[in-house]
Amino acid sequence: MRIIFIISNISCFFSFTNLVSAQNSLNLSSEFGETQASFGNTIKMAVDFQYDLGNFNIKTGLQADIKDYLYNTLSAYTAQISHSLKINRFNFNANVFYLHSAKGQLFNEYNYGFSFSSLNTAHFDWEFGTHFRIISPSRYGVNTFQLSRNSVYENWNFIYVIKYRLKPVQNCWNLSFCMTNRDLFYINQETNPYCYLGSTFRISSRLSSFTEVWYKPAGMSNFRVNYFGYLIRTGIKWNLSKL
Amino acid sequence: MEFKQIVKSLLQFGIIFIISCESDYCGFFIYNEDVNDRVRQSLTYNATTAFKILYTPSEQYTLFIISDSHVGGTHNIRRFLSDANGNNALATVLVGDLCNGHTEEYDTLQQVLNTDNTIPYFPLIGNHDLFFNGWESFYKIFGSSVYYFSVQTPSSTDLYVCLDSGSGTHGSIQLQWFENLLKTSRSKFRHCVVFTHCNLFRIRRTLSTNPNMEEINIMNDLSARYQIEYVITGHDHIYNEIKLGNTIHITLDALSDSAANASYLELIYRKGSLSHRIIPIN
């Protein structure tokens, strides 16, 4: 299943790059971090493709572990389809997404949900939606540790992204601040927000770099906030649409 | 009103709120105490105090377990202790939010536990217990917030681990201690049960929070890898029971006097296996 997903991603990428009307981009990133629960540092790499087709935007991504206590070579993959909408003068995106996360070898996490997000805003980006999570023993967990096939379901988890960009998006550099409980390959429970400071810099007409520094608290909504961890992510975005 | 004026007003309000804050809602913003500091203190305490072993001559015993007693009011906790003592419970476990952090509430709780109770009890710390510098009172009265105890029957011994999740995370030092305990000692025990205040899974919408997903993934992995039969928690105030793999995750009802569905849990060892049942208070 995973191999089919990867092959279809790569096929889509090559076929879509030939379409004149499509606008495509490729993000490559690496991240380094540590949390109270990571038993040391974690290092991950990720790639995600994004392609626009008219009013639709399709995003797919893969994440690989380089170093993690719950190591898995391919630790997550995701797919999202967005459709731009307009009600009166209000432009926004409607999104549906799927995220598969395999933290360690014993359990799989299946996430799916939908959201609405901002479109073409000057400074503020937002996204609000809901998601459903299923945590289940993996085949390896069942076969090796004789785990029973009992799963946990978390439903209607509120997801949110609130982001402020200092400069308009067209600016060659930018700074941003974001509070959210979701990342491309990770969704936290609704009462556990993380925040990050981000920067982007346009290197050329097709290439830009980005950096994010995340701060992760724990226990905020219990009125007993505690430091939990940090993450530093850096990467490049390659605009493929002008080939 | 301009955006800058709005931000300025919010900042001013926030600063005044934090400075004048009597209630411990300040804990939403301000980092009062660190879980790793509490764990270091607890492990230092443990080094001078042996972990308890409860001996029972029979191949059957029962632990009586509650959570979220939020002492101020003592009607329900007295009823619980009366039931536990009257039904020959081997011990009681109090899974956090024992009170709301005030010194006088800790004093009341200690008095109730000393006068209404003759059997061993094992208290855990919850987020409310840390309010108003409550850790000082908890440590003074109960000592460590991270420890284990065991129950020895004629045929074997069972392991019961008590963890500190009062700050919404167990912290790196505690998780390393916990993993090391399981790695070195789990095989010496028949059954293993873990108690921690914060429930892991979010089954219903509440304002209170659970550990972050990175930590939940670690707890799930350790539970499966080291055959933890039960993870018993509180915090959510509403009973819930789910099974992930082979581990039963139980979230207890609140026992506080104001709780509509106050209850406690009996964890029963009989004929080689563990089982449980809920006993309503009202």
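1. Buried area is the accessible area (1.4 Å probe) that two parts lose on being put together, summed over both. Between chain B and chain A it comes to about 4400 Å². Carbon and sulfur atoms give 56% of that area.

2. This is a predicted model: local features need pLDDT of at least 70, side-chain atom pairs count only at pLDDT 80 or more, and totals for chains, interfaces and linings use all residues. Residues are numbered from 1 along each chain as its sequence is written, and side-chain values use heavy atoms, with hydrogens and water left out.

3. Confidence next. The predictor gives the complex an ipTM of 0.90 and a pTM of 0.90. Chain B has a mean pLDDT (the predictor's confidence in each residue, from 0 to 100) of 92. In chain B, 89% of residues reach 70 or more.

4. The interface draws 56 residues from chain B and 47 residues from chain A, where contact means heavy atoms within 4.5 Å. Chain B and chain A share 3 salt bridges (a side-chain nitrogen of Lys or Arg within 4 Å of a carboxyl oxygen of Asp or Glu). R202(B) and E190(A) meet in a salt bridge, at 3.4 Å from N to O.

5. Within chain B, helix α6 (residues 172-185) packs on helix α7 (residues 213-225) at an angle of about 10°. Their axes lie 11 Å apart. α6(B) and α7(B) are therefore roughly parallel to each other (angles under 35 degrees count as such). L175(B), F178(B), E179(B) and L182(B) from α6(B) meet E215(B), M219(B) and L222(B) from α7(B). By class, this contact of α6(B) with α7(B) has 5 nonpolar, no polar and 2 charged residues.

How values were computed: Chains are lettered from A and ligands numbered from 1 in the order in which they are written. Axes are lines fitted to C-alpha atoms, for helices over the stretch in contact, and angles run from 0 to 180 degrees between N-to-C directions. Helices (H or I, at least four residues) and strands (E, at least two) are DSSP runs, numbered from the N terminus. Angles under 35 degrees count as roughly parallel, over 145 as roughly antiparallel, 65 to 115 as roughly perpendicular and the rest as oblique. Ala, Val, Leu, Ile, Met, Phe, Trp, Tyr, Cys and Pro count as nonpolar, Asp, Glu, Lys and Arg as charged, and the others, Gly among them, as polar.
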